[in-house]
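Subject: Structure for you to look at

Hello,

Here is the structure I said I would pass on. My notes on it follow below.

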Amino acid sequence: MKKKILVTGGTGYIGSHTTVELIEEGFEPIIIDNLYNSEAVVVDRIQKITGVKPHLEIFDLCDQEKLDRFIQKNNDISAVIHFAAYKAVGESVNKPLEYYRNNLLSLIYLLDIMKHHGIPSLVFSSSCTVYGQPEKLPVTENAPLQPATSPYGNTKQIGESIIRDTTVSDKNIKAISLRYFNPIGAHPSALIGELPRGIPENLVPFLTQTGYGIREELKVFGNDYNTPDGSCIRDYLHVVDLAKAHVIAIKRLIEGKSKTNYEVFNLGTGKGVSVLEAIKSFERVSGIKLKYKIVGRRAGDIEKIWANPSYANKELGWKTLSSLDEAMKTAWDWEKMFRNNKL
Ligand code: UD1
């Protein structure tokens, strides 16, 4: 019997890649998604890749009644991976209540049904944003958390606390928070990838859209940071590598291998890459000279952060396999596939 895994936000960017990996590892993912930032057709594309069409339930997790009804009908779920959340940093500053309501209520309702229906395992999408600007780099899981610089970031910190407290109070629930650094790229089939609404906030979709001619030029937010080339540094990891970490985390929970009821892992490559280096990588893999200009700093940006992923390497037996160029190439292939209306 295949184990059923509830994947919230499973048609989204990281959710869809994880759903593919779950299917390939013999699990039966069941998706709940309100399609706020994704499309139902994603499950057909997952079917093209894997041969299996995952079940999709379209509703909002903040609708507690629907969630309850869903779980009554699906009482054999082994574990939950919770991706569904708003994630635009800038938007969260303007719409804090929407962010707190959506990101926190959905989590609370999920934990509630886990408690009441005896679902023992949760993997949570967290972010390196919880570290703020760390004093020491590369950053380890033990680094002190800093006050969040956006409501979005705060929902990740509060979300982690809610989960930790729940695992303390209810020993039947075990959870793992995965702190992602900067996921980029797409599935090598180019059938699924990142599909931002409107103008992208994140660097790589903006890069590929500019390369394709949809945006006139990329704005590089600042070249006066205390970094070798003056632009900000991040740790960009391939979304497929990231997706595989979720399957490992799920197995760890299901097989009872967690060291404590609540665990946290950094997921990154361990390598810092500047914005200007990311542009060079895009130019290398696409053969396109990218139009960009240096502009002022973006409010709230952190100067530099990259992961120390040793704990995940050792404990999960996980590490990133793709290089920056490989990941960037899949992002570019996806952009072309999508824009050429091949999908
Ligand atoms: C941010 C959040 C992260 C969140 C992610 C999801 C923080 C500190 N980080 O990541 O937690 O999970 O968004 O959306 O809150 N850049 C440009 N030009 C652009 C776009 C970006 O120069 O048009 C630069 C940024 O200044 C930054 C780098 O590219 O240095 C990466 O930016 P981005 O892709 O937006 O990710 P983060 O801000 O690192």
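Helices (H or I, at least four residues) and strands (E, at least two) are DSSP runs, numbered from the N terminus. The model is predicted, so local features need pLDDT of at least 70 and side-chain atom pairs count only at pLDDT 80 or more, while totals for chains, interfaces and linings use all residues. Residues are numbered from 1 along each chain as its sequence is written, and side-chain values use heavy atoms, with hydrogens and water left out.

The whole chain

The chain has 11 helices and 13 strands. Its C-alpha trace spans about 55 × 45 × 40 Å along the principal axes. A compact globule of 343 residues would have a radius of gyration near 20 Å, and the 19 Å of the chain agrees with that (taken over C-alpha atoms; the rule is 2.2 Å times the number of residues to the power 0.38). Of the 343 residues, 54% are buried (under 20% relative accessible area, 1.4 Å probe, protein chains only). Among contacts (heavy atoms within 4.5 Å) with a separation of 6 or more, 80% come from residues 24 or more positions apart.

Helix H7

Helix H7 covers residues 203-212, and nine of its 10 residues are buried. Among the buried ones are Leu-203, Val-204, Pro-205, Phe-206 and Leu-207. Their cover includes strands S7 (182-184), S8 (218-221) and S10 (236-238), as well as helices H9 (275-286) and H11 (324-339). After H7 comes Gly-213, with a positive phi near 95°.

Regards

Definitions and conventions
Buried < 20%, exposed > 50% of the residue type's maximum accessible area, 1.4 Å probe, protein only.
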